[in-house]
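Thanks for coming. I will talk through one chain today, with the structure on the screen.

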Amino acid sequence: MEVPVLAAGAAFVIVVLLVIVYLSIRVVQQYEKMVVFRLGRTNESMVRDPGLRFLIPVIDRPVKVDVREQFIEVPSQTTITRDNAPINVDFLIYWRIADPLKSVVNVANFAGALQGVATTTLRAVIGDILLDEVLSKREQINEVLRVKLDEVTERWGGKVTTVEIREITPPRDVQDAMNRQLSAERTRRAVITESEGSRQAAINVAEGQKQAEILRAEGDRQAAILRAEGFGQALTRIFQAAQGIDQKTMSLQYLEALKALGSGPATKFVIPMEFTHLLDPFVDFLAPTDGGQRPGGSGARPTRSVGPAATPPAAGQEA
């Protein structure tokens with residue numbers, strides 16, 4: 001009888017020891033903090049960091065707190081703007097526990113309390129803003145909500161990191177007015193863009209015409225300059241060539257001219273008197289000599305009348 005009693009007593013002792021060990025040892029995860037209540041009281045020194053932690057059985061009661069960042073979704077809330085326009089707004093709140101002791105001692109349900117404060121704060125913030133500003137200044141509204149919620153939740157040991165408005169739904173008539181305004185704005189931009197394009201095109205055409213006229217005038221000027229220079233060079237060469245021509249050459253030119261006149265159908269010719277001076281070098285070859293000698297012989301040269309004393313040919317007489 002003694003052996004079974006001893007075995008039962010040993011088993012009871014082992015069970016009690018196991019229960020004590022289970023109640024006295026806690027493993028705190030890396031993303032957790034543990035607040036220990038000893039006989040119902042706690043303080044900053046009773047907050048345990050992650051790791052293997054030992055407790056006094058029956059006397060200590062642990063409460064683990066998740067310090068990771070979390071979010072809550074605030075459902076669509078109907079609020080009224082400053083200009084009495086009802087709108088529906090839903091948003092997200094990202095938060096985390098900054099003070100585990102306050103989050104356990106000062107509030108029973110931090111997430112629920114935060115959601116309740118968020119709905120009332122949203123109505124207060126939207127009520128001070130016009131509808132157009134609500135639709136266009138979403139980032140500013142997010143920041144105002146975050147600051148106000150962070151101020152409220154600070155006493156609960158929480159930290160609101162981000163507030164994001166997800167959707168803003170204005171009334172149907174406001175949506176229709178916004179659509180009409182958007183259509184009118186697009187039409188205005190299209191007209192402005194088209195007019196700007198037409199103006200730029202006209203400017204480009206005018207610039208092109210101006211450049212073309214300038215180039216054309218420049219080309220005409222260069223052409224006139226080249227023609228003048230060519231004419232001047234031609235006159236210079238003619239003058240240089242004329243300086244090298246003697247009287248005999250001019251006489252030959254006059255003879256060629258007479259030959260050309262004689263081959264024509266005209267029967268009368270008007271010859272300048274100065275032309276006779278050019279024939280002096282050819283008198284010995286053209287005038288007959290006394291005694292029937294050939295030109296260029298030893299006979300005396302015949303006399304001729306030159307100048308105004310010469311008798312002009314009679315009317316109708318060939319020259």
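D150 has a relative accessibility of 15%, so D150 counts as buried, the cut-off being under 20%. Keep in mind throughout that this is a predicted model. The side chain of D150 meets that of K159 in a salt bridge, with 2.9 Å from N to O. K159, for its part, is partly exposed, at a relative accessible area of 29%.

D150 belongs to helix 5, where it is one of the buried residues; the others are I141, N142, L145, R146, L149 and T153. Where do these buried residues fall when seen down the axis of helix 5? They sit within an arc of 160 degrees, so they line one face of the helix. As for what covers them, the cover includes strand 7, residues 86-97, and strand 8, residues 158-169. It also includes helix 3, residues 110-126, and helix 4, residues 131-136.

A check on the geometry of helix 5, which runs over residues 138-153. It has 16 residues, and at 1.5 Å a residue these should span 22 Å. The end C-alpha atoms are 22 Å apart, which agrees.

Back to salt bridges. How many are there by the rule used here? The count comes to 13. I will go through a few of them.

K33 and D49 have side chains that meet in a salt bridge, at 3.8 Å from N to O. K33 lies in strand 2, residues 32-38, while D49 is in the loop between strand 3, residues 47-48, and strand 4, residues 51-54. The pair therefore ties together parts that are 16 residues apart in sequence. D49 is at 41%, and counts as partly exposed.

Next, K210 and E207. The closest N and O atoms of this salt bridge are 3.6 Å apart. Both residues lie in helix 6, which covers residues 172-243. They are three residues apart, about one turn of the helix. K210 counts as partly exposed, at 43% relative accessibility, and E207 is partly exposed with a relative accessible area of 39%.

There is also a network of salt bridges, which links E73, D90 and R166.

Now the surface. F12, V13, V16, L17 and I20 make a nonpolar surface patch of about 450 Å². I20 is found in helix 1, residues 2-24. At 37% relative accessibility, I20 counts as partly exposed.

Last, the chain as a whole. It contains eight helices and eight strands. What share of its 319 residues counts as buried? The figure is 21%. The accessible surface comes to about 22,600 Å², and carbon and sulfur atoms account for 58% of that. Taking contacts between residues at least 6 apart in sequence, 64% join residues at least 24 apart.

To go back to where I started: D150 is buried at 15%, and its salt-bridge partner K159 is partly exposed at 29%. I will stop there and take questions.

Key: Residues are numbered from 1 along each chain as its sequence is written. This is a predicted model: local features need pLDDT of at least 70, side-chain atom pairs count only at pLDDT 80 or more; totals for chains, interfaces and linings use all residues. Side-chain values use heavy atoms; hydrogens and water are left out. A salt bridge is a side-chain nitrogen of Lys or Arg within 4 Å of a carboxyl oxygen of Asp or Glu. Helices (H or I, at least four residues) and strands (E, at least two) are DSSP runs, numbered from the N terminus. Buried means under 20% relative accessible area, exposed over 50%, partly exposed in between (1.4 Å probe, protein chains only). The expected span of a helix is 1.5 Å times one less than its number of residues. The arc is that of the directions from the helix axis to the C-beta atoms. Contact means heavy atoms within 4.5 Å. Accessible areas come from the Shrake-Rupley method with a 1.4 Å probe; for residues, only the protein chains shown count as cover. Patches are made of residues with over 30% relative accessible area and no salt bridge: like charges are joined within 9 Å, nonpolar side chains (Val, Leu, Ile, Met, Phe, Trp, Tyr) within 5 Å.
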